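Reader: I'd like to learn how to read the features of a fold from its coordinates. Could you walk me through one?
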Amino acid sequence: MELRHLKTFHVVAECLNLTKAAEILRYTQPTISLQIQALEQDIGHTLLNRVGKRTFLTPTGKLLKKHTDKLFQNLDELEQDLRRLEKPYGNLTIAAPEFYCSYYLSQLLSIYVKVHPQVQMKLLCYNSKETIKLVESNRADIGIVAGKCNRPGIEEILIDQEDLVLVASPLLVKSRSAEELFAEHPFITYDLEGVIRECLEEIGCKPLWTIECGSEEAIKRAVMSQTGIALISDVMIEKEVRQGTLQVLHRFPKRLLTYLIYPRDQRDYSTVSSFVDVVLDVWPTFRA
């Protein structure tokens, strides 16, 4: 079976109209008829029936169409992948917590699209746990997360280290210690695992109750409104501490590591690799 004959049959089977198929393929109708006949001879079965002016698929034609649907979908995907190997092309979805989206990725995307305007960018704001899930399930091509990913098949590149601080509103603190605040107010967080749990153990504080927030920005705003206390990156609250709207209760020696993550099998695609290169080049300048 020749691929061009299969392609002709596939278009005819989609249209069920030889005139329309001829327009799409830029063939004459006799050429299409000859290619269908040649394919029928190869297979040994009739593929099309004509009733009046209407064309119908035979049972064999329906079976063949099922397979040509898969065949040409795979060929389309192959062509797209080959183009992505050659140069940045197609869609690129980036996922990250709101803080990274607002402070870093908006600038990174601006730099990237100026160099690669043909790439269609999509930015998703999710917390680090959800970002990992998106990358792991191939719903995002690249993620920026706080803390290690530790997932098989996911590549991690360390791009930043941030100081962690325990903060509260000065109106909430007054003269109370961290232990007293934990006893009287909720701990606002998006997670109680990993580095956050280790930091709380370091100061011997265990939250009696917590409020879960989906983003670091929401956590900061909740603390500023005297809802409770939180452990957060110092980068996020530099301005608020300087203005006196947030007060640092404790600064931890353990640092929050920021990673760029992506599926390991995507590294050779130029769309992914070119964005990774931009992140590695530009990210250090944010903290300079």
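Author: Gladly! Keep in mind that this is a predicted model. Let's begin with a hairpin: S1 and S2 form one, with two residues between them. In its turn, Gly 52 has a positive phi of about 65°.

Reader: How do S1 and S2 pair, and over how many bridges?

Author: Strand S1 (residues 48-51) and strand S2 (residues 54-57) run in the antiparallel sense and are joined over four bridges. To find your place, look for Val 51, which stands opposite Arg 54 in S2.

Reader: Now the open sheet. In what order do its strands come?

Author: Eight strands make up this sheet, and reading across gives S4-S3-S5-S10-S6-S9-S7-S8, with mixed pairing. Strand S4 (119-125) and strand S8 (210-212) each have a single partner strand, so they stand at the edges and one side of each is left without a neighbour in the sheet. From one strand to the next, the twist averages 25°. For a parallel example, take strand S3 (residues 90-96) and strand S5 (residues 142-146), which pair over two bridges. There, Ala 95 stands opposite Gly 143 in S5.

Reader: Which helices lie across S3, S4 and S5?

Author: Helix H5 (residues 98-115) is one of them, running at about 175° to S4. Helix H6 (residues 128-136) is another, at about 155° to S5. Both H5 and H6 also lie across S6 and S10.

Reader: Which residues of H6 are buried, and what covers them?

Author: The buried ones are Ser 128, Thr 131, Ile 132, Leu 134 and Val 135. They sit on the same side of H6, because they cover an arc of only 160° around the axis. Their cover includes S3, S4, S5, S6, S10 and helix H10 (216-224).

Reader: How do I describe two packed helices?

Author: You give the angle between their axes and the distance between the axes. Here, the axes of H5 and H10 come within 6 Å and cross at roughly 100°.

Reader: Which residues meet between H5 and H10?

Author: On the H5 side you'll find Glu 98, Phe 99 and Tyr 103, and they meet Glu 216, Glu 217, Ala 218 and Lys 220 in H10.

Methods. Residues are numbered from 1 along each chain as its sequence is written. This is a predicted model: local features need pLDDT of at least 70, side-chain atom pairs count only at pLDDT 80 or more; totals for chains, interfaces and linings use all residues. Side-chain values use heavy atoms; hydrogens and water are left out. Two strands pair if DSSP finds at least two bridges between them. Axes are lines fitted to C-alpha atoms, for helices over the stretch in contact, and angles run from 0 to 180 degrees between N-to-C directions. Contact means heavy atoms within 4.5 Å. Buried means under 20% relative accessible area, exposed over 50%, partly exposed in between (1.4 Å probe, protein chains only). The arc is that of the directions from the helix axis to the C-beta atoms.
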